[in-house]
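Dear colleague,

My notes on it follow.

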There are 2 protein chains.
Amino acid sequence: MNISKFVSPEIIFGRGSLSQIGESAARLGASRVFLVSDPGVIAAGWVDRALHYLNAAGLATETFSAITTNPKDIEVTEGVERYLASGCDALVAVGGGSPTDVAKAVAILASNGGRLTDYEGINKITRPLPPMVIAPTTAGAGSEVSQFTVVVDTRRKLKMSIISRSLVPDIAIVDPELLQTKDPQLAAATGIDVLTHGIESYVSLAATPLTDIHALQAIRLCAQNLRRVVVNRSDMEANTHMAMASMSAGLAFSNAILGATHAMTHQVDGLLLDQHHGETNASILPHVMAFNMAACPQRFREVAAALGEEVSGLSAEEAALLAIAATRRLIADIGLDLGLAELGLRSTDIPLLSRNAMKDACLVTNPRDATLAEIEDLFRQAM
Amino acid sequence: MNISKFVSPEIIFGRGSLSQIGESAARLGASRVFLVSDPGVIAAGWVDRALHYLNAAGLATETFSAITTNPKDIEVTEGVERYLASGCDALVAVGGGSPTDVAKAVAILASNGGRLTDYEGINKITRPLPPMVIAPTTAGAGSEVSQFTVVVDTRRKLKMSIISRSLVPDIAIVDPELLQTKDPQLAAATGIDVLTHGIESYVSLAATPLTDIHALQAIRLCAQNLRRVVVNRSDMEANTHMAMASMSAGLAFSNAILGATHAMTHQVDGLLLDQHHGETNASILPHVMAFNMAACPQRFREVAAALGEEVSGLSAEEAALLAIAATRRLIADIGLDLGLAELGLRSTDIPLLSRNAMKDACLVTNPRDATLAEIEDLFRQAM
């Protein structure tokens, strides 16, 4: 018996679709909306735009934006207090992965009580969440379509993954116009996050034919468009393709989970805090691909083809090596070929990070079994 | 502004997944389930199996199976009376497109009142529907994932399409084991329905990148597996691929709508009543493809490639012709190369059918504008 499950929110996609955010929240029964965002998104003007559409739909609003990159449990705690005090009955996020994951975490605690650590892992949420509408401003986290929220546990200094069907938002509004205000570095970092989601979910032990088509589409679109959005933020064709890539990758990893790269990245993010998750992925991904290759060379052959490599006539192993080389090239071309040491990690951190990575939910679906020594070795290679 | 919407139910896919039907309905809050099926599915034993799982989950049940192929408004009326009298609070369908579409139609009238014709067209349903779980026993209609229900209006003698977001079931349980009891003729007819959904949604004016990947996957899987399931109903690999094809095609057409083939087929089905919808599609599809080709040759080139044709070095027009030839070959190989006259249509029926086809919701998204005279001509070609 090999049963797979696939969940997806309703998706509203296209240039100008942010205009649907008010009627979307209203359709879900909202009357007072808690809008989660961050200072950068507010400065770019997207929050004002969203508030306009929400108010036009007759909804009262409360804005919460005290959020940093790699969002933290203490920020969630503050958000929950604000949510409960304001009498809101629905959540909207306008932003990248951080505001989205905070909105989801606030939704959990506001309706289920307790602490975030109570819900760490898979399907621990029992009571229904308030309606949620998400409008991403980055092509990255894919959280607008996923059943994940990932929040830093500031005490343990790691990122905890909360994975639950009810964390899939009700409606994802994916408007590529919103991607134009990302700076090049953020476009690069979030784009590599998309690529990592595509590759890890495609080789995941929980991959299914339904997740595969989304994963391969995401990889293909990243290979064709990521360099373009980094050099030209107003290239709307490339932005539209990256928005689609991010969403496809989100649908893939939401249902197929991830692998060792994310299991390791989550620990680095929780320790360094200010380092963008995508940059950490860029440092680790090629090494994990090389480690995983022996477990599923045929899958990596398909990754190579999706990356645009010519694989006809090659053995699976030869093609898999091309996948790794193409990934390294893409990472270098957008300026993210940095070691973890350059990001600020010390080699004395590796033993603790490795022990925590062994407990991360994402490691369970990595295609190759990894021992503690092997994870330590991968961290060292990535330094 | 080019905004597209994509909705999908939660999907539970895989051999043995019917076992999830009880807990799925329970999770949606059901206490007394109205199970819609038909005599063939009951004889195959699947209803007993489903009832076992529903009862094991603590749910009371009421079975309704007075349904024929091309389900009729009068059957829906009887179903609604039974539903309301029995005090049920959720619907489950175990069967092909007919029981599924009846379950959806019962759900509409039980919660929104009025008559089915009140809801014909797009997004006319205003009040929420009871929870719905669908387990298909054919790889065909794709109704388990779609926002369509198609029911015969016995007065007007046509099939009316009701299309609404709330008609997407809450949970689709796609268990390929259930496909083993289809006879070869039903496997052929339902399989051509899948192919038609894939092709029409791929060339639809409302196609989006999100529907495209599902449409192409459906076409590809039909080309590779439909002949196999017709000659060997216990070929579980091919059955699993056809189950996936049906679901993918359903997700594609649910969100991209269809075209002239379905606009025409709906009229024939409503008149002949006992003819399987898939056989009617088989008679009409190649002629509509030839008619549509000029509007989007590049799209038909992709259809040809998905059908397994070698298209490199060919012009889009040359490749499109291969798509039509391959479709004709597949239809002939499974014994469905019949004219509409052989199915019982008289040429004197064509003027009325053509006028009604011009009003069918599916014609709006056909890639080539069609006049009444052109639709009449297509009917004549298909005789």
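What area is buried between chain A and chain B, and what share of it do carbon and sulfur atoms give? The buried area is about 2300 Å², with 59% from carbon and sulfur atoms; buried area is the accessible area (1.4 Å probe) that two parts lose on being put together, summed over both. On the chain A side, A:Ile3, A:Leu210 and A:Ile213 lose the most area to chain B, together 21% of what that side buries. The contact (heavy atoms within 4.5 Å) involves 29 residues of chain A and 29 residues of chain B.

Please note that this is a predicted model, in which local features need pLDDT of at least 70 and side-chain atom pairs count only at pLDDT 80 or more, while totals for chains, interfaces and linings use all residues. Residues are numbered from 1 along each chain as its sequence is written, chains are lettered from A and ligands numbered from 1 in the order in which they are written, and side-chain values use heavy atoms, with hydrogens and water left out.

An open sheet includes strands of both chains: its seven strands run in the order E1(A)-E2(B)-E10(B)-E7(B)-E5(B)-E3(B)-E4(B), with mixed pairing. Strands (E, at least two residues) and helices (H or I, at least four) are DSSP runs numbered from the N terminus, and two strands pair if DSSP finds at least two bridges between them. Strand E1 (4–6) of chain A and strand E4 (60–64) of chain B are the edge strands, each pairing on one side only. From one strand to the next the twist averages 20°. Within this sheet, E3 (residues 32–36) and E5 (residues 90–95) of chain B run parallel and are joined by four bridges; B:Phe34 stands opposite B:Leu91 in E5(B).

For chain A, UniProt lists two domains, both from an unreviewed entry; its positions are in the numbering used here, feature names are shortened, and annotations may be inferred rather than shown by experiment.

In chain A, the axes of helices H10 (residues 277–292) and H12 (residues 316–333) come within 10 Å and cross at roughly 175°; axes are lines fitted to C-alpha atoms, for helices over the stretch in contact, and angles run from 0 to 180 degrees between N-to-C directions. H10(A) and H12(A) are therefore roughly antiparallel (over 145 degrees). Residues making the contact include A:Leu285 and A:Met289 of H10(A) and A:Ile324 and A:Ile331 of H12(A).

Yours sincerely

Notes. Angles under 35 degrees count as roughly parallel, over 145 as roughly antiparallel, 65 to 115 as roughly perpendicular and the rest as oblique.
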